[in-house]
Amino acid sequence: MSPKRKLHIKSYGCQMNAYDAQRMVDTLAVEGFVETDSADDADLVILNTCHIREKASEKVYSELGRLRLTKQEAAGEGRQMRIAVAGCVAQAEGDEIIRRAPAVDIVVGPQSYHHLPKLIERANSEGRAIETEFPAEDKFASLPQPAPAAIRARGISAFVTVQEGCDKFCTFCVVPYTRGAEVSRPVAKIADDAKRLADHGVREITLIGQNVNAYHGEGPDGATWSLGKLLHRLADIPGIARLRYSTSHPRDVDDSLIAAHRDLPALMPFVHLPVQSGSDRILAAMNRKHTVRDYCETIERFRRARQDIAFSSDFIVGFPGEKVEDFSATLALVTQIGYGAAYSFKYSPRPGTPAAEMQETVSTAEMDERLARLQDLINSQQSAFNAAAIGTTTDVLFEAPARYPGQIVGRSAYLQPVHVMGSAEIIGQVLPVRIEKLERFSLLGTLAAPISHDRPAASQMTIGA
Ligand code: SAH
Ligand code: SF4
Ligand code: F3S
């Protein structure tokens with residue numbers, strides 16, 4: 001047998017990229033690759049890149065500059081190191097990568113990871129290989145299943161892709177171009193993945209997709225299933241204590257998703273629902289296809305279904321044409337909704353998107369100031385949200401030993417890290433915790449007897465107790 005080759009993979013960007021990185025590891029494990037933590041001793045280095053903002057994209061080239069030297073050092077020692085660029089920059093700028101970074105051997109777009117073994121072979125025989133097509137075939141179908149040991153190494157919480165791509169074409173966004181049209185996986189395949197994960201100790205599944213609630217997969221009955229219906233199906237799988245999904249679009253929230261939040265205790269009451277702006281004028285220029293009022297009504301529908309629900313969001317400041325009053329409307333919306341957490345970004349024009357053709361009107365200094373003001377507001381909401389947990393008893397899914405001996409860390413329904421003193425036996429269980437203290441972003445508490453919950457409808461099943 002040939003000796004094991006070493007693979008180092010570095011992933012940027014969204015959860016979909018993190019998930020894809022795992023699938024690349026699985027694909028290459030079959031070819032005899034094992035993962036290594038450092039690029040220095042790797043036979044193959046993969047940069048799994050993100051194109052969403054200019055800063056993210058440019059990181060690739062500085063990283064490639066460093067890797068070129070590592071590759072030269074390896075060659076000096078008589079070892080051949082291959083460099084591959086995957087992900088959304090590969091998809092968007094394949095040719096430019098080849099031009100700007102001659103050390104790169106392979107460029108592979110997100111639809112082609114199942115061809116990696118073939119591309120490595122081609123790089124070996126022809127010097128370089130590039131593949132950034134959008135093939136019609138189902139890329140999910142031909143990927144190998146991860147070995148049980150690989151699943152266990154992933155721990156208590158796992159991602160499962162349910163759809164990929166986006167048809168929304170927000171004017172600022174590259175995703176419809178880098179990931180292609182929206183495609184949903186069949187229900188049976190997703191349920192199989194979830195069962196296999198549960199069999200190997202996974203207790204929480206996050207369904208992921210660029211636009212996850214646009215899900216419209218083929219059901220076992222031949223009909224098209226929505227995300228809400230899919231969640232109902234997955235909640236029946238023994239061992240799955242918690243379900244989440246990300247990222248949703250406000251336009252695609254249908255009654256079945258609201259019903260899932262009403263009916264399924266396993267579906268966590270924490271929803272990432274990006275709005276981007278609180279101004280209708282800017283939402284229209286962004287082609288978000290919803291108004292501020294539509295968004296607020298959607299939030300209300302969720303809240304009526306589940307009182308203890310909380311939200312997070314994404315915001316862009318400084319979109320072309322954003323006036324002071326548009327930005328004030330964003331602050332007002334944040335104040336009105338009251339988020340548990342949120343991410344905010346300065347607008348970054350992306351080549352090939354419609355917004356990149358628009359006249360930029362907000363100076364860098366003004367953008368910085370708007371971002372700082374928005375982040376102050378969001379941070380104060382997040383701190384208040386975390387502080388409100390103090391004194392309550394809340395369910396925690398325990399995931400791993402913490403840094404201090406004897407301490408175990410888990411997560412609340414709202415993804416807040418919670419630390420308690422306890423034995424490793426509690427890992428994988430959902431247990432009630434009395435929250436006593438907030439330390440930076442982490443909650444500290446003690447294991448409580450299973451008593452009635454302070455938050456309505458927050459009870460979940462306890463696994464393995
Ligand atoms: N599919 C997800 C978002 C993917 S990108 C959704 O629709 O919500 C994640 C976030 O990056 C977006 O919500 C947006 O806030 C931000 N973003 C995307 N393109 C951007 C750009 N050109 N400049 C700044 N932020 C951007
Ligand atoms: Fe991008 Fe808009 Fe699609 Fe989200 S919904 S991925 S922001 S185009
Ligand atoms: Fe980035 Fe591509 Fe995800 S651009 S955010 S890695 S879909």
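How many nonpolar, polar and charged residues does the shell around ligand 3 divide into? The residues of this shell divide into four nonpolar, four polar and one charged, where Ala, Val, Leu, Ile, Met, Phe, Trp, Tyr, Cys and Pro count as nonpolar, Asp, Glu, Lys and Arg as charged, and the others, Gly among them, as polar.

The model is predicted, so that local features need pLDDT of at least 70 and side-chain atom pairs count only at pLDDT 80 or more, whereas totals for chains, interfaces and linings use all residues. Residues are numbered from 1 along each chain as its sequence is written, chains are lettered from A and ligands numbered from 1 in the order in which they are written, and side-chain values use heavy atoms, with hydrogens and water left out.

View 1. With a residue taken as near a molecule if one of its heavy atoms lies within 4 Å of it, the residues around ligand 3 are Cys14, Asn17, Thr49, Cys50, His51, Ile52, Cys88, Arg179 and Gln210. Cys50 counts as buried because its relative accessibility is 12%, and Cys88 likewise counts as buried at 9% (buried means under 20% relative accessible area, exposed over 50%, partly exposed in between, with a 1.4 Å probe and protein chains only).

View 2. Around ligand 2 lie Cys166, Lys168, Phe169, Cys170, Phe172, Cys173, Val175, Pro176, His249 and Arg288. By class, this shell has seven nonpolar, one polar and two charged residues. The count of disulfides, pairs of cysteine sulfur atoms within 2.5 Å, comes to zero.

**View 3. Tyr245 in the largest nonpolar core.** A nonpolar core is a set of buried Ala, Val, Leu, Ile, Met, Phe, Trp, Tyr and Cys residues joined through side-chain atoms within 4.5 Å; of the 54 residues in the largest one, Leu207, Leu231, Tyr245 and Phe302 touch the most other members. Apart from this core lies another, of 22 residues, among them Ala39, Val85, Ala90 and Ala103.

View 4. Strands are DSSP runs of at least two residues, numbered from the N terminus, and two of them pair if DSSP finds at least two bridges between them. E19 (residues 417-421) runs parallel to E21 (residues 442-447), joined by two bridges, and His419 has Leu444 as its bridge partner in E21. E20 (residues 430-439) pairs with E21 in the antiparallel sense over six bridges, with Val433 partnered by Leu447. In the hairpin of E20 and E21, which has two residues between the strands, Arg440 takes a positive phi near 50°.

How values were computed: Helix = DSSP H or I, 4+ residues; strand = E, 2+ residues; numbered from the N terminus.
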